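Here's a short tour of one protein chain, written for someone who is just getting used to reading structures. Have a look at the picture, then work through the points topic by topic.

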Amino acid sequence: KQSDYGAGAAILDLVQLEANAEIVRPNPAEYYAKIPAGEYTVHLIQLHFSDQPRVDSLAFLESSRVWLIETLDGIDKGERDLVVVAAHSRSGSWDMVLSPDRRKKLLGKADLVLSATTHRYQSWVPESFEESAAVCVNTGAVNYTGRMTPNGYLEIHVLKSGEIVGQYM
């Protein structure tokens, strides 16, 4: 169940994330991966934010928010670094529940902010962050879609030029 903190740890253990990337796992539910991609490094930060309980402060723990900011602060982002931050979102944009300062830090450093399991595909420019590098996307759903979105998934490619190409398949 999504409300069981760390319940997905068995899957993370099974896929052996550390076999293909440098992994930091501060707890059973979240991780930070440094993934080599040719001349680039993809920094993937995966957060836990469940549907239940329906209180954001309980479903998206303060310890997770602190860890996110500490991890972002620890990334010395250069021209060949791409930062991707992902979390589940029942409302479609998990970054909206962050404090203004934390959200500013996230959208100022991330290249791609993914909201997963929202059952619809959507991309947007966060209001008042028009100059931010971050692209914010709801990833859609393969087998349980919401209204007005066909079954599908988000496919992301990092090109040799460092450009990120995303498409909903």
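How many helices and strands does the secondary structure of the chain come to? The tally is 4 helices and 9 strands. Keep in mind as you read that this is a predicted model.

**The big picture**

- The chain has 169 residues, and buried ones make up 41% of them.
- Take the contacts in the chain with a separation of 6 or more: 49% of them come from residues 24 or more positions apart.

**Strand E3 and its two partners**

- Is strand E3, residues 40-47, largely enclosed or largely open? It's largely enclosed by the rest of the structure, because 6 of its 8 residues are buried.
- One partner is strand E2 (residues 30-37), which runs antiparallel to E3 and is joined to it by 7 bridges.
- To spot this pairing in the model, find Ala-37: its bridge partner in E3 is Tyr-40.
- E2 and E3 make a hairpin, with 2 residues between the strands. Gly-38 sits in that turn and has a positive phi of about 65°.
- Strand E4 (residues 81-88) also pairs with E3, this time in the parallel sense, over 7 bridges.
- Within that pairing, look for His-43, which stands opposite Val-83 in E4.
- Tyr-40 has something else to show you: Arg-80 lies over the face of its ring, at 5.2 Å from the ring centre.

**A cluster of rings**

- How many aromatic pairs does a search of the whole structure find? The search turns up 2.
- Phe-49 and Phe-60 form a stacked pair, because their ring centres are 4.8 Å apart and their planes meet at 15°.
- These two residues are 11 residues apart, and their pair links distant parts of the chain. Phe-49 is in the loop between E3 and helix H2 (56-59), while Phe-60 is in the loop between H2 and helix H3 (62-73).
- Phe-49 and Phe-60 are both buried.
- Phe-60 also pairs with Trp-94, and here the arrangement is edge-to-face: 6.0 Å from centre to centre, with 90° between the planes.
- That pair also links distant parts of the chain, 34 residues apart, with Trp-94 in the loop between E4 and helix H4 (100-109).
- Why do we call Phe-60 buried? Its relative accessibility is 0%, and buried means under 20%, so Phe-60 counts as buried.
- Trp-94 also comes out at 0% relative accessibility, so Trp-94 counts as buried.
- Put together, the ring pairs link Phe-49, Phe-60 and Trp-94 into a cluster.

- Which residues of H4 are buried? They are Arg-102, Arg-103, Leu-106, Leu-107 and Lys-109.
- What do those buried residues of H4 pack against? Their neighbours are H3, E4, strand E5 (112-116) and E7.
- Here's a handy rule while you look at helices: an α-helix has 3.6 residues a turn, so residues three or four places apart point the same way.
- Over in helix H3 you'll find Ser-64. With a relative accessibility of 1%, Ser-64 counts as buried.
- Leaving aside residues up to four places away in sequence, Ser-64 touches Tyr-5, Glu-30, Leu-47 and His-48.

- Thr-139 lies in strand E7, which covers residues 135-139. It has a relative accessible area of 15%, and Thr-139 is buried.
- Tyr-168 is 29 residues away from Thr-139 along the chain, yet their C-alpha atoms are separated by 7.9 Å.
- Gln-16 has a positive phi of about 50°, although it is not a glycine.
- You'll find Gln-16 in the loop between helix H1 (9-15) and strand E1 (22-27).
- Is Gln-16 buried or partly exposed? Its relative accessibility is 46%, so Gln-16 counts as partly exposed.

Conventions:
Residues are numbered from 1 along each chain as its sequence is written. This is a predicted model: local features need pLDDT of at least 70, side-chain atom pairs count only at pLDDT 80 or more; totals for chains, interfaces and linings use all residues. Side-chain values use heavy atoms; hydrogens and water are left out. Buried means under 20% relative accessible area, exposed over 50%, partly exposed in between (1.4 Å probe, protein chains only). Contact means heavy atoms within 4.5 Å. Two strands pair if DSSP finds at least two bridges between them. Rings of Phe, Tyr and Trp (its six-membered ring) pair if their centres lie within 6.5 Å; planes under 30 degrees apart count as stacked, over 60 as edge-to-face and the rest as tilted. A charge sits over a ring if NZ of Lys or CZ of Arg is within 6 Å of the ring centre and within 35 degrees of the ring normal.
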